[in-house]
Each structure stands twice: as C-alpha cells, then as structure tokens.
Amino acid sequence: MTVSWSASMLLQLMIGREQHIAPASVSCDANPSQWLRKKQGNWLVHCTGSCCPLHIMSIYRNAIWFLNGIQQYTRKGYAAASKDFETKDLDVSVVGRSFLITGANSGIGKATAMAIAKKGGTVHMVCRNKDRAEEARTEIVSEFGNAEVYIHVVDMSQTRKVWEFAEAFKKEHPSLNVLINNAGCMIHKRELNAEGLEMNFATNTMGVYILTQSLIPLLQKSRDPRVITVSSGGMLVQSLRADDLQSEKGHFDGVMVYAQNKRQQVVLTEHWAKANPVIHFSVMHPGWVDTPAVSAAMPQFHQMMGDRLRSVDQGADTVVWLALSRAAARKRSGRFFQDRKPVPMHLPLAWTHSSAEEIHSFITQLETLARAVQSRHDADLRGQTDASVPQFV
C-alpha cells in the first residue's frame with residue numbers, strides 16, 4: 001500500500017470524499033457541502049467563478065489535515081510523542097475523587113474508566129446499554145479490586161433524559177471532581193431524536209452541553225474540578241456554522257456533520273473556560289484509534305488503516321492525563337490537547353476562526369434549546385400543556 005494511495009483513500013473516507021474528475025459546474029450560490037455530489041459513481045467537486053477560492057481552501061485543509069494525521073494521529077505518531085511524556089505525571093492516587101465518564105463501557109471511555117479505577121478513583125459510568133455497562137463494570141472491579149464503580153443508564157442522544165439525569169445526580173451526590181464527555185456518534189443519514197433534534201447534534205453537542213452546563217454548580221463546589229471533552233482532529237477542517245447547527249442545509253454527510261459537531265465542542269470549551277474560571281476545561285484529540293465505534297461507523301477506514309490505528313489505551317492516554325495529573329491543571333483552561341500537549345485549534349490560514357457574533361449566536365441557540373427541555377419537563381410535571389413552551393422544531 002503506497003502512501004499516495006493511502007492519502008487518496010483517507011481524504012475520501014475521512015474528509016468529504018474529495019476527488020478531481022472531469023469538470024462539472026455547481027452554482028456559486030450553493031452551500032459548500034453541495035459540491036460533494038455522487039453522480040454515476042463519481043464525486044463532483046468542481047466549482048466556478050467566486051466559488052473556487054472556497055473549494056481550493058477545502059482541498060488545502062484536507063491536505064494539511066492528512067499530512068498531520070499520517071505523522072501524528074497513528075500508532076507511530078503516539079510512539080514518537082510518548083518519548084517526551086513525564087511518567088511521574090500519572091504517579092498519583094485519586095482515592096476520594098469522583099469521575100463521571102460518558103460512553104464508559106467500551107473504547108476510549110472504558111480504557112479511561114479502567115485507568116482511573118486503578119488509581120483508586122470513584123467512577124460513574126454513564127452508558128446507554130445496561131448489559132454492556134454491567135459487563136464492563138464487572139471487568140473493572142475484578143481487575144483492580146475497586147468497588148467504587150457505579151452505572152448510570154442514559155442515552156446521550158435523548159436530550160431530556162440527559163437533563164433529568166444531571167438534575168438527579170446533583171441531588172444524590174455532594175460533589176463531582178471530573179466530568180469526561182466521551183460518548184459520541186456518527187450517523188450517516190439524517191435522523192431525529194424524541195425532541196426533534198438531529199441525532200449527531202443531539203449526542204455530540206446538545207448532550208455535552210446539557211450535561212456539562214447542568215453539572216457546573218456541582219463541579220464548582222468540588223476540589224480541583226475539571227471537564228474534559230473528547231473531540232476529534234477532524235474538526236480542524238470545519239469552521240463553526242452557527243446558521244446551520246443541525247446540518248439541515250445542503251447534502252447530509254455524516255462524516256462532515258461529525259466534524260462540525262466536534263468543532264462545536266471546541267468552541268463550547270473555550271466559552272466555558274472564560275465563563276467558569278474555577279473549573280479547568282479542556283478538549284482533546286485522541287488520534288486515530290481502533291475502537292468499536294470507528295469500526296462500525298467507518299469500516300473501510302478501519303480496515304485500511306489496520307494496525308496503524310492506535311490502541312484504546314493510547315487513545316485514552318491524554319484523557320487520563322488531563323483528568324489525573326497536576327501538570328495538566330497547570331495548563332491554561334480552554335485549550336485543545338493532543339498527546340499531552342496543547343496544540344492549535346486551527347490549521348494555518350484555513351479560515352476556520354469564528355467571529356464573536358457567530359459564537360454568541362451558537363451559545364444562544366443552545367441556551368434556548370436547553371430552556372425548552374426544562375420548560376417541557378416542568379409542564380409535564382404540572383400535568384398541563386402550555387402552548388407558550390418553546391418547541392425544538
């Protein structure tokens with residue numbers, strides 16, 4: 001397998017499936033995502049007139065992203081980066097500290113839960129599937145002898161359920177030291193949850209927002225509070241689209257929707273860090289990791305990369321470091337991490353920075369959706385229908 005063939009395949013599978021073919025014009029009024037059209041077995045990305053600079057920028061982002069990835073995101077990239085790790089950073093005991101991890105029964109989430117349980121921490125596993133959660137818990141307790149591992153069955157795609165869980169958790173627990181937003185999804189066709197929200201957005205963005213925002217008061221009361229969100233380097237090819245948070249415009253591409261959600265997580269982390277200086281916020285990229293989620297969502301990519309993918313322990317390493325080490329807490333809050341180091345949130349000259357107005361619009365929309373969840377819950381408790389309650393759709 002040559003490097004050039006790998007590059008072509010990765011660009012198709014991971015970042016919009018871009019490939020030059022015979023020219024085919026697309027209106028300059030079209031959404032950029034409409035440039036990616038499958039027609040008679042080919043992918044059309046040709047644009048004309050004023051569209052071309054944006055098209056060139058898209059190709060530039062993809063190329064830079066791939067070059068970074070092949071050097072840094074693989075197992076070999078981890079091996080190179082780990083030479084600079086300080087092993088003493090994780091020579092700590094976290095007995096008495098509590099950690100809430102979403103998506104904790106498999107992949108990076110499970111590896112993180114195991115690492116924390118090994119150090120004596122109290123682990124709250126937030127999982128969608130009860131049977132798989134109990135199986136993972138049994139394995140963790142058996143291996144490390146730490147019985148302070150608890151299961152909470154919550155589907156992070158169901159916005160109201162996430163809010164109800166967070167409110168109940170605050171009442172039942174006096175403190176929470178670390179929240180780890182790990183759960184995520186990549187759905188390749190447009191689907192809506194019970195509240196009418198697009199499923200990728202509901203899980204990757206709204207679920208993270210509702211859970212974090214609801215638990216901030218509990219975190220603020222705790223010693224050395226931290227929030228870590230597992231994002232993706234794929235966000236580097238996306239700018240925040242505040243006017244289309246749920247990917248309603250143009251062609252729906254699950255890979256690009258996922259990347260947009262991950263950009264949203266990065267913007268959220270920066271926002272929270274400024275608004276809540278008592279809490280240390282961070283967002284990170286685990287690299288290209290061999291997880292069940294990657295295998296299911298991107299089977300061709302998973303098969304092609306094979307043993308070049310990182311192990312789940314390697315993917316979880318920076319999450320664990322951010323959650324446990326004193327060195328991580330000394331880094332400025334709100335930064336984007338990769339292999340225990342803060343790295344840029346934007347590719348050079350990639351036009352992915354957001355304006356203050358775009359960020360304000362993004363946060364305002366999330367706040368509105370969150371208030372709708374609480375309002376509908378309160379209305380149901382009163383046993384009456386309030387026509388003034390805001391709706392999702």
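Two strands are said to pair if DSSP finds at least two bridges between them. In this predicted model, strands β9 and β10 meet that condition, as 3 bridges join them in the antiparallel sense. Within this pairing, Q338 stands opposite K341 of β10. The two strands form a hairpin with 2 residues between them, and D339 in this hairpin adopts a positive phi near 50 degrees. On β9 (residues 335–338), pairing is also found with β8, here in the parallel sense and over 3 bridges. M284 is placed opposite F337 of β9.

These strands belong to an open sheet of 8 strands with mixed pairing, in which the order is β5-β4-β3-β6-β7-β8-β9-β10. The edges are formed by β5 (149–153) and β10 (341–343), each of which pairs on one side only. On average, neighbouring strands of the sheet are turned by 25 degrees against each other, with direction ignored. Elsewhere in the sheet, strand β6 (residues 178–181) runs parallel to strand β7 (residues 226–230), and 4 bridges join the two. V178 has R226 of β7 as its bridge partner.

Helix α7 (residues 199–220) packs on the sheet, where β3 (98–102), β6, β7 and β8 (280–284) are touched by the helix. The direction of α7 makes about 175 degrees with that of β6. T203 lies in helix α7. The relative accessible area of T203 is 7%, and because buried means under 20%, T203 is classed as buried. Apart from neighbours within four places in sequence, the residues in contact with T203 are M156, S157, G184, C185 and V208.

Helix α7 also packs against helix α13 (residues 356–382), at an angle of about 80 degrees and with the axes 10 Å apart. Angles of 65 to 115 degrees count as roughly perpendicular, and α7 and α13 are therefore roughly perpendicular to each other. On the α7 side, the contact is made by F201, T205, M206, Y209 and I210. The α13 side contributes F362, L366, E367, L369 and A370. Of the residues in this contact between α7 and α13, 8 are nonpolar, 1 is polar and 1 is charged.

Notes:
Residues are numbered from 1 along each chain as its sequence is written. This is a predicted model: local features need pLDDT of at least 70, side-chain atom pairs count only at pLDDT 80 or more; totals for chains, interfaces and linings use all residues. Side-chain values use heavy atoms; hydrogens and water are left out. Axes are lines fitted to C-alpha atoms, for helices over the stretch in contact, and angles run from 0 to 180 degrees between N-to-C directions. Contact means heavy atoms within 4.5 Å. Angles under 35 degrees count as roughly parallel, over 145 as roughly antiparallel, 65 to 115 as roughly perpendicular and the rest as oblique. Ala, Val, Leu, Ile, Met, Phe, Trp, Tyr, Cys and Pro count as nonpolar, Asp, Glu, Lys and Arg as charged, and the others, Gly among them, as polar. Buried means under 20% relative accessible area, exposed over 50%, partly exposed in between (1.4 Å probe, protein chains only).
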